[in-house]
Amino acid sequence: MKTFLVTGGAGFIGSNFIHYMFGKYGEDIRIINVDKLTYAGNLENLKDVEELPNYTFVKADICDKEAIRKIFAENDIDRVIHFAAESHVDRSIVEPELFVKTNVLGTANMINCAKEAWENPDGTFKEGKRFLHVSTDEVYGSLPEDGGYFYETTPYAPHSPYSASKASSDMLVKAYMDTYHFPANITNCSNNYGPYQFPEKLIPLMINNALAGKKLPVYGDGKNVRDWLYVEDHCKAIDMVQEKGKLFETYNVGGHNEKQNIEIVRTIIDVLREELSDDDPRKEHVTYDLITYVEDRKGHDRRYAIAPDKIRADLGWEPDTMFREGIRKTIDWYFRHMDWMEHITSGSYEKYYEDMYSAKLS
Ligand code: NAD
Ligand code: DAU
């Protein structure tokens with residue numbers, strides 16, 4: 001039975017990954033979820049697994065050396081799946097140092113503690129141990145509107161404090177692989193969407209605002225392009241890499257689903273209108289009239305597009321959920337889980353939203 005140490009498992013992708021892994025392996029794996037529970041960490045995402053005998057939650061900061069060391073000392077960890085990070089670009093523009101602390105120093109601490117626990121006295125590593133560093137396509141910078149893709153060989157050119165901090169953490173993991181032969185992989189994935197995403201990100205924010213009759217703040221001209229992947233397909237890719245990826249390799253993950261932001265926002269309104277019954281009073285305000293163009297994000301990357309050729313050829317990964325189906329499933333999930341949304345938006349997120357958007361929307 002393999003023991004997985006998942007960092008950031010109470011966040012969006014981490015909690016989906018924990019569900020995916022228990023769904024696939026059941027009692028054949030053990031998962032320890034270490035999460036600091038920042039504003040983005042929500043144990044409600046894991047309600048249905050919290051009683052499982054092969055699941056343990058540890059509230060700790062990935063920067064805390066003693067806490068992470070203790071987890072490795074008390075458990076024979078086979079895999080680390082490292083999600084924990086500050087993940088929102090807009091917040092990184094306001095508070096860059098926090099991103100350096102969590103994403104760079106936190107990753108440094110995680111790989112150091114894993115190295116310490118897994119290294120033999122002769123400098124080799126215990127058999128079968130692996131560290132998977134979950135990263136982003138944003139490290140590659142921005143593509144021109146008229147073409148090109150991000151490959152694993154594309155030079156790093158991050159623009160935001162978020163992507164610069166993720167690029168730095170990738171570099172540290174690469175340095176550990178080169179210097180110590182530290183058994184690791186890196187995945188660089190495109191924009192995820194699906195259940196449990198915090199409503200500061202484009203898709204859940206637009207769904208939540210539309211249903212509440214609030215304006216839909218579209219940055220700049222709305223024509224920035226993101227490459228959207230259903231979160232379960234990302235989880236599947238991570239599982240494949242941890243299981244059969246070639247050590248020391250990087251894999252780009254994406255499903256060739258490039259969409260302009262404005263197209264996403266219009267799709268959300270269209271699908272919500274289909275979901276809302278004719279006698280639901282919200283139907284009156286869920287219209288394109290809510291779309292409001294606002295000041296652009298500083299340093300806003302124009303286009304992202306992943307070439308997933310390597311993971312497809314080497315590991316046989318393919319996305320299962322196409323965008324048309326995935327976006328419907330996602331909108332439907334939020335629509336049916338407004339209680340989940342309300343628990344978040346009634347807390348400190350409300351203040352964040354006010355601070356971030358009140359000037360833009362006034
Ligand atoms: P998220 O913000 O939803 O979740 C992050 C989680 O990390 C939260 O549970 C939070 O409490 C935890 N965390 C933050 N700081 C911590 C700390 N110091 N110690 C312990 N836990 C801490 O993020 P997400 O969207 O689920 O992203 C997860 C990972 O995937 C990140 O590394 C991100 O860079 C990467 N990624 C995200 C996307 C995407 O579209 N969301 C795409 C590619 C890669
Ligand atoms: O590409 C992968 C990355 O995708 C991940 O590494 C990040 O963790 C994740 O947050 C995401 O980053 P983005 O900046 O692309 O996601 P976000 O949902 O914040 O924005 C998507 C696009 O929508 C982007 O072009 C900005 C725009 N946008 C966003 C918000 C929140 C708006 O137009 N209005 C908004 O209110």
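This is a predicted model: local features need pLDDT of at least 70, side-chain atom pairs count only at pLDDT 80 or more; totals for chains, interfaces and linings use all residues.
Residues are numbered from 1 along each chain as its sequence is written, while chains are lettered from A and ligands numbered from 1 in the order in which they are written. Local features need pLDDT of at least 70, side-chain atom pairs count only at pLDDT 80 or more, and totals for chains, interfaces and linings use all residues, with side-chain values taken from heavy atoms and with hydrogens and water left out.

We can begin with ligand 1. Its shell holds 28 residues, the closest being Ile-13, Asp-35, Ser-87, Tyr-162 and Lys-166; a residue is near a molecule or strand if one of its heavy atoms lies within 4 Å of it. By class, this shell has 13 nonpolar, 11 polar and four charged residues (Ala, Val, Leu, Ile, Met, Phe, Trp, Tyr, Cys and Pro count as nonpolar, Asp, Glu, Lys and Arg as charged, and the others, Gly among them, as polar). At least two shell residues come from each of α1 (12-25), β5 (130-136), α5 (161-180) and β7 (191-193), and β5 gives the largest share, three residues. Helices (H or I, at least four residues) and strands (E, at least two) are DSSP runs, numbered from the N terminus.

Polar contacts are pairs of N or O atoms within 3.5 Å; within protein, one must be able to donate a hydrogen and the other to accept it, and residues adjacent in sequence count only if both atoms are side-chain atoms. In the side chain of Lys-166, an N or O atom lies 2.6 Å from an oxygen atom of ligand 1. Backbone atoms take part too: a polar one of Asn-192 is 2.8 Å from a ligand 1 oxygen atom, and a backbone N or O atom of Gly-11 is 2.9 Å from an oxygen atom of ligand 1. Of the 840 Å² of accessible area that ligand 1 has on its own, the protein covers 96% (Shrake-Rupley method, 1.4 Å probe; for residues, only the protein chains shown count as cover).

Ligand 2 has 24 residues around it, and Asp-137, Tyr-162, Asn-191, Arg-297 and His-300 come nearest. Its shell has 10 nonpolar, eight polar and six charged residues, with at least two supplied by each of α6 (202-212) and β8 (216-219). The side chain of Arg-297 places an N or O atom 2.6 Å from an oxygen atom of ligand 2. Polar side-chain atoms of Glu-138 and Arg-226 each lie 2.8 Å from an oxygen atom of this ligand. The protein covers 95% of the 690 Å² of accessible area that ligand 2 has on its own.

Turning to the aromatic residues, the structure holds 21 aromatic pairs (rings of Phe, Tyr and Trp, with its six-membered ring, whose centres lie within 6.5 Å; planes under 30 degrees apart count as stacked, over 60 as edge-to-face and the rest as tilted). Tyr-140 and Tyr-156 form an edge-to-face pair, because their ring centres are 5.5 Å apart and their planes stand at 90°. Both belong to the loop between β5 and α5, so the pair ties together parts that are 16 residues apart in sequence. Tyr-140 counts as buried at 4% relative accessibility (buried means under 20% relative accessible area, exposed over 50%, partly exposed in between, with a 1.4 Å probe and protein chains only). Tyr-176 and Phe-182 are likewise edge-to-face, since their ring centres lie 5.9 Å apart with planes at 80°, and both residues are buried.

The charged end of Lys-115 is 4.3 Å from the ring centre of Tyr-180, and Arg-91 lies over the face of Tyr-39 at 3.5 Å from the ring centre.

Conventions: A charge sits over a ring if NZ of Lys or CZ of Arg is within 6 Å of the ring centre and within 35 degrees of the ring normal.
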